[in-house]
Amino acid sequence: MTVTAQPIVTAERESALLASVPTGLLINGRWQPAASGKTFNVEDPSTGKVLLSIADAGPVDGAAALDAAAAAQESWAKVPPRERGEILRRAFELVTARAEDFALLMTLEMGKPLAEARGEVSYGAEFLRWFSEEAVRAFGRYSMSPDGKSRLLVTKKPVGPCLLITPWNFPLAMATRKVAPAVAAGCTMVLKSANLTPLTSQLFAAVMLEAGLPAGVLNVIPTSTAGATTGPLIKDSRLRKLSFTGSTEVGRRLLADASENVLRTSMELGGNAPFVVFEDADVDAAVAGAMLAKLRNMGEACTAANRFIVHESVADEFAEKFAAKMADMTTARGTEAASKVGPLIDAKSRDKVHELVSDAVSAGAVAVIGGAAVEGPGYFYQPTILKGVTEGTRILSEEIFGPVAPIITFSSEDEAVRLANNTDYGLVAYVFTRDLNRGLRMGERLETGMLGLNAGVVSNAAAPFGGVKQSGLGREGGLEGIEEYLYTQYIGIADPYAG
Ligand SMILES: NC(=O)c1ccc[n+]([C@@H]2O[C@H](COP(=O)([O-])OP(=O)(O)OC[C@H]3O[C@@H](n4cnc5c(N)ncnc54)[C@H](O)[C@@H]3O)[C@@H](O)[C@H]2O)c1
Ligand SMILES: O=CCCC(=O)O
């Protein structure tokens, strides 16, 4: 749908916000230029225009950032948990107070509609609040050995300096989901933000300093040369943990690099979520869930439903109702009043989405709606539904990362399970059914780290987020999130009653 321009923020407001974003590297509490003096451009994916140029870290800056993190580790680990929690709580209040700035910045650099960006601010800020509460609960235990002859003291300690690498698609939440538990646990950090969307991390780091985080605890090194800048850090024996969110392809390479020093790792990788609609589902509820699971973040989410596996008896009704909702999804710059779907992140991503659609169509699929890029500036793609997709088509095995919903049908529960599990990924699945036992059976049979039961979104700071198979290792958020930044130490104590 074409719309007349009706921006809800002025150009002056955009410029003023951009002018307030720190453009340096954050090393040891100071914003500074890259040692090489180099900068790189950050672009608006709705227009292709440059928003800002920021310092471009290289290996020398990476080393300085790790020096700062390593030097701060001992004193930071001694800061009382309550104090660490209070810094996080203040950061939560500050991000919330500046919610409009964070939302607009994400819309500008990443493209998501402003309303969605506001949703990400709440989601991202919640990790700060959640871990402000968890900071004081990293308990160990004291117990008697089974033979009664000795005592066992088990404590939790911060793992030490961490390298955090984040993707471009959720510029705030992917950073807070790592930084908050690391702060709570008492770890120092080097954050390598995504080169396509580094601005939100810059503003977030400024807020962390304002909240009272001591110099050196969080160091931020945006860079256009990710491998060259972070590679030496992964090999440095002072680094104790790598937490990566991004593609399975890059994660696999980093895991190999991390094996050299036997680093602790957390890997939040790609997904290929099945969205299963049974014949007994409430089809309207399934369509509402599908809109969320598919169109949240323009489909650029690891949790995005990638394969709609629909019972043959309700497939036509589901596709028609889904298409009617998709037809209302106006594509426009996220600052436009009418915008419901923003641009994809770049031309490469948009072209890859179209390649997958064309491949499916040439194998016999039919576009119920959409099926093409949107003409004009920016990297917009039409919300698309494909019917009659056949097993073995590329679109069913690769992450689409765009607003495209391929539908494949099934006739029995066993077939639905087989189709859903037929992937190397295992992040999340969605199941729509009115039969609770069937829902629980699907939970037991599906090979995923998370399941949305009659729900199109599972993301929640209080829940353990993460996958199995090639979707990753470890969990972020929930009670489990802080454990990724702690190690267990055991002290064996002689029998206190012995002579
Ligand atoms: N499981 C999750 O929680 C989760 C969350 C968000 C995104 N993702 C996944 O992320 C992908 C999209 O994000 P992306 O395109 O930014 O992924 P990506 O793997 O291309 O990049 C992720 C990050 O790694 C950096 N990077 C790339 N090569 C590197 C190297 N050799 N050494 C060090 N760092 C390197 C990038 O600069 C970026 O900061 C999708 O596959 C999506 O499913 C997963
Ligand atoms: O892209 C994946 C992260 C999505 C989320 O945290 O909800």
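Ring pairs join F275, F308, F318, F322, Y430 and F432 into a cluster. The model is a predicted one. Start with one pair inside this cluster. Aromatic pairs come to 10 in the count. One of them is F275 with F432, and this pair is stacked. A ring pair is described by how far apart the centres are and by the angle of the planes. Here the centres lie 5.0 Å apart, with 20° between the planes. The pair counts as stacked because planes under 30 degrees apart fall in that class.

The two partners come from distant parts of the chain. F275 belongs to strand β12, residues 273-277. F432 belongs to strand β17, residues 428-432. They are 157 residues apart. Both F275 and F432 are buried.

Now turn to E268. UniProt, in an unreviewed entry, places the feature "active site" at this residue. E268 is found in strand β11, which covers residues 264-268. Is E268 buried or exposed? Its relative accessible area is 3%, so E268 is buried; the cut-off for buried is under 20%.

What is E268 in contact with, leaving aside its neighbours within four places in sequence? The list holds R177, F244, T245, G246, F465, G466, S471, G474, R475 and E476.

Two of these contacts, R177 and F465, also meet each other. The charged end of R177 sits over the F465 ring, 4.0 Å from the ring centre. Another arginine is placed over a ring elsewhere: the charged end of R438 sits over F278, 4.2 Å from the centre of that ring.

Definitions and conventions. Residues are numbered from 1 along each chain as its sequence is written. Chains are lettered from A and ligands numbered from 1 in the order in which they are written. This is a predicted model: local features need pLDDT of at least 70, side-chain atom pairs count only at pLDDT 80 or more; totals for chains, interfaces and linings use all residues. Side-chain values use heavy atoms; hydrogens and water are left out. UniProt positions are given in the numbering used here, feature names are shortened, and annotations may be inferred rather than shown by experiment. Helices (H or I, at least four residues) and strands (E, at least two) are DSSP runs, numbered from the N terminus. Buried means under 20% relative accessible area, exposed over 50%, partly exposed in between (1.4 Å probe, protein chains only). Contact means heavy atoms within 4.5 Å. Rings of Phe, Tyr and Trp (its six-membered ring) pair if their centres lie within 6.5 Å; planes under 30 degrees apart count as stacked, over 60 as edge-to-face and the rest as tilted. A charge sits over a ring if NZ of Lys or CZ of Arg is within 6 Å of the ring centre and within 35 degrees of the ring normal.
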